[in-house]
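Reader: I have a model open and want to go through it. Can you take my questions as they come?

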Amino acid sequence: MSDASYRDAIFSTPLDRVARFSFDEQVVACFPDMIRRSVPGYGQILGMLGLIAGRHLRHGAQVYDLGCSLGAAGLALAGTLAPDAFRYTGVDLSPAMVARARETLAAECPDHAMEVLEGDIRHLDYTPAGMIVLNFTLQFLAPEDRDAVIATLFAALEPGGVLVLSEKIQAADEQENAWLVERYHDFKRANGYSEMEISQKRTALENVLVPDTLEGHHARLARAGFPRSQTWFQFLNFASLIAFKDCR
Ligand SMILES: C[S@@+](CC[C@H](N)C(=O)[O-])C[C@H]1O[C@@H](n2cnc3c(N)ncnc32)[C@H](O)[C@@H]1O
Ligand SMILES: O=C(O)C(=O)C[C@]1(C(=O)O)C=C[C@@H](O)C=C1
């Protein structure tokens with residue numbers, strides 16, 4: 001097993017043509033470093049998952065982690081919950097991510113029931129679940145596919161179930177959005193990214209990562225049937241929401 005994780009330097013040299021961002025071998029090799037230096041609050045969101053599960057998850061229930069990448073949410077849950085507290089299924093489209101996630105989870109939490117499926121979250125056969133985590137994944141789906149996925153997840157949740165949805169967001173107000181994006185770029189600079197890295201990554205993510213507004217997310221959750229959703233975390237243009245299957 002390879003547990004090497006490299007510093008993200010993907011966009012550090014000038015590229016003649018910046019290709020569309022994809023979750024290939026090169027990204028997988030530096031992903032832990034990339035996501036921690038690029039997503040404000042990433043560690044704090046992961047740290048809360050066990051506490052949220054502790055309050056909302058039925059003992060022994062199914063947990064889905066959709067677009068699980070290297071299984072970070074699974075690791076966070078296994079770090080705080082007992083092996084019989086939940087069953088974890090991570091799902092990801094990228095074969096390189098899936099291979100690495102399987103190795104990591106097998107090595108780090110051998111006593112927990114952890115599986116990783118290679119598949120498309122738009123076409124999965126979901127079993128009833130107590131908690132679904134969608135961390136920074138919906139933003140990569142075509143906007144026209146997002147409603148159907150959220151509706152499917154609402155249907156998959158058992159009574160008392162919760163959906164945790166974390167996303168890069170945009171503000172509806174142009175000035176507010178510009179301020180958030182500028183400070184986000186400051187955040188990246190402070191984390192060691194150069195102007196070239198920031199601008200080439202921005203180009204690579206154009207039309208690949210399409211953020212919604214917070215209002216758009218809450219409206220979609222309501223359309224899908226969720227009687228209640230709330231934003232529980234925001235750090236610049238990144239936020240996490242929780243949506244409840246029932247009103248209580
Ligand atoms: C930003 S990463 C998610 C990070 C991860 N949830 C975490 O917290 O570390 C987005 C992931 O979604 C996956 N993905 C994108 N579209 C997908 C789809 N339709 N079905 C399954 N996985 C998808 C990508 O391969 C990538 O690994
Ligand atoms: O670097 C950015 O601009 C980001 O939006 C960060 C982001 C994300 O939000 O998913 C983009 C791609 C990588 O998957 C990791 C993090």
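Reader: Which helix and which strand each supply at least two residues of the shell around ligand 1?
Author: Helix 3 and strand 2 (86–92) do. Helices (H or I, at least four residues) and strands (E, at least two) are DSSP runs, numbered from the N terminus. This is a predicted model: local features need pLDDT of at least 70, side-chain atom pairs count only at pLDDT 80 or more, and totals for chains, interfaces and linings use all residues. Residues are numbered from 1 along each chain as its sequence is written, while chains are lettered from A and ligands numbered from 1 in the order in which they are written.

Reader: Which residues come nearest to ligand 1?
Author: Phe23, Gly67, Leu93, Ser94 and Asn135, out of 20 residues around the ligand. Near means that the C-beta atom, placed from the backbone, lies within 6 Å of the molecule.

Reader: And how does that shell divide into nonpolar, polar and charged?
Author: There are 12 nonpolar, 5 polar and 3 charged residues. Ala, Val, Leu, Ile, Met, Phe, Trp, Tyr, Cys and Pro count as nonpolar, Asp, Glu, Lys and Arg as charged, and the others, Gly among them, as polar.

Reader: Parallel or antiparallel for strand 6 and strand 7?
Author: Antiparallel, over 7 bridges, with strand 7 covering residues 238–244. One bridge joins arginine 228 to phenylalanine 244 in strand 7. Strand 4 and strand 5, on the other hand, pair in the parallel sense over 6 bridges. There, isoleucine 132 has leucine 163 of strand 5 as its bridge partner.

Reader: How many residues of strand 5 are buried?
Author: 9 of its 12 (residues 157–168), so strand 5 is largely enclosed by the rest of the structure. Buried means 20 or more other C-beta atoms within 10 Å of the residue's own, with C-beta atoms placed from the backbone.

Reader: Which residues touch the most other members of the largest nonpolar core?
Author: Leu77, Ile132, Val133 and Leu163, in a core of 53 residues. Helix 3 (residues 72–80) gives the largest share, 6 residues. Such a core is a set of buried Ala, Val, Leu, Ile, Met, Phe, Trp, Tyr and Cys residues joined through C-beta atoms within 7 Å.

Terms used
Two strands pair if DSSP finds at least two bridges between them.
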